[in-house]
Amino acid sequence: MSPVLVLRGAADASAIRRALPDVLVHESPDLDSPLPAETAVLVLRSGVRLGESELDVLPRLRHVVRTGSGIDHIDVNALRHRGIALHRNAEAGADAVGEWVLAAALALARRIPLGQHALLLGRHEKQACMGASLGTLAAGIWGAGPVGLAADWALAPFMGRTAFAAWPSNPPGLRELSQTALMEQSQVHVIALPLRPTTEQLIGEDFLERVAPQRPLLICAGRLETLDVAACLRALEDGRLSGLALDPVEREHLPLLTGSTTPLNLLASPHIGAQRSDVRCALDRWAVDLLKEITADNTILIEGGHR
């Protein structure tokens, strides 16, 4: 079997070597480094672009293993055209992301980020930190995939009400409201949408104007590109939003978030929603089991690692 290439942070390369002693396993910090052209299996993480130019330097690639859910950074059509199988695990980290959503909702509702930001600027803004009880607020969840469902599971015991934006692909049995009703009635919005042409910057000026009467909290647990981040920051500064939480922040997003000298109820984290030790262990076990199967018979598997 040709070598496996593990991008640093995507999986435990040492565990893979122990489990597959007869397979050559390389580890690389990124796809910009020199790569072994004979690589047949690539294990990658979020935030790593895999398109035509990257595939050109991996001519023997037959499998891509995404240890997580999002695949908007992967050119799926290019993989299909080249006969490369894509495997991912969309469920393993969902509960952890839901936990982050609950933590963000609590922090924003109690205006903790605002108080901290003010203190770091040398200001004591206790009066500006009057918070609200989650039990008095209604949450609207945009996206009913694994992360959206996990966010609902985490929030529902503590919120006044949760509901999903009506969508044809939603699973049956969910409490749904029309998008208009959700914007008019929710004081918390959780954005858990995949990044597609139809969702790119969906949360922009029009959305922000329509929700402004509620002055809601806005929490992004999906992809940052589903938001017009500059517009959301302006809405936070002028009071149309009462709080903003952004988890999927990658290095390239840093210029959007630096330089404010005004205390803001803004919580930002470096894409840590699923960064929990038990999730990492589960994904490492999944990757090892999948690679054992791939390298045993070189059979192309369907997404998720199941036949």
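Modeller: A nonpolar core is a set of buried Ala, Val, Leu, Ile, Met, Phe, Trp, Tyr and Cys residues that are joined through side-chain atoms within 4.5 Å, and we shall look for such sets here in what is a predicted model.

Biologist: How many residues does the largest nonpolar core have, and which have the most contacts inside it?

Modeller: In soluble globular proteins, nonpolar side chains tend to be buried together. Here the largest nonpolar core has 28 residues, and those with the most contacts inside it are Trp142, Phe207, Leu218, Leu227, Cys232, Leu244 and Leu246. Among the elements that each supply at least two residues of this core are strand 7 (161–165), helix 8 (205–211) and strand 11 (243–246), while helix 9 gives the most, with six residues.

Biologist: Which residues does Cys232 touch?

Modeller: Leaving aside residues up to four places away in sequence, Cys232 touches Ile203, Leu208, Leu218, Leu227, Leu241 and Leu244. A second, separate core of 26 residues includes Val101, Leu134, Leu137 and Ala144.

Biologist: At what angle do helix 4 and helix 6 pack, and how far apart are their axes?

Modeller: Two packed helices are described by the angle between their axes and the distance between the axes. For helix 4 (residues 94–109) and helix 6 (residues 146–155), the angle is about 50 degrees and the axes are 7 Å apart, which means that helix 4 is oblique to helix 6. Their crossing is right-handed.

Biologist: Which residues in helix 4 meet helix 6?

Modeller: Ala94, Asp95, Val97, Gly98, Glu99, Val101, Leu102 and Ala105 in helix 4 meet residues of helix 6 including Pro146, Val147 and Ala150. The residues of this contact of helix 4 with helix 6 comprise 11 nonpolar, one polar and two charged.

Definitions and conventions:
Residues numbered from 1 in each chain as written. Predicted model: local features only at pLDDT ≥ 70, side-chain atom pairs only at ≥ 80, totals over all residues. Heavy atoms only, no water. Axes fitted to C-alpha atoms, helices over the stretch in contact; angles between N-to-C directions. Helix = DSSP H or I, 4+ residues; strand = E, 2+ residues; numbered from the N terminus. Parallel < 35°, antiparallel > 145°, perpendicular 65-115°, else oblique. Left-handed = near helix turned anticlockwise from the far one by under 90°. Contact = heavy atoms within 4.5 Å. Nonpolar A, V, L, I, M, F, W, Y, C, P; charged D, E, K, R; others polar. Buried < 20%, exposed > 50% of the residue type's maximum accessible area, 1.4 Å probe, protein only.
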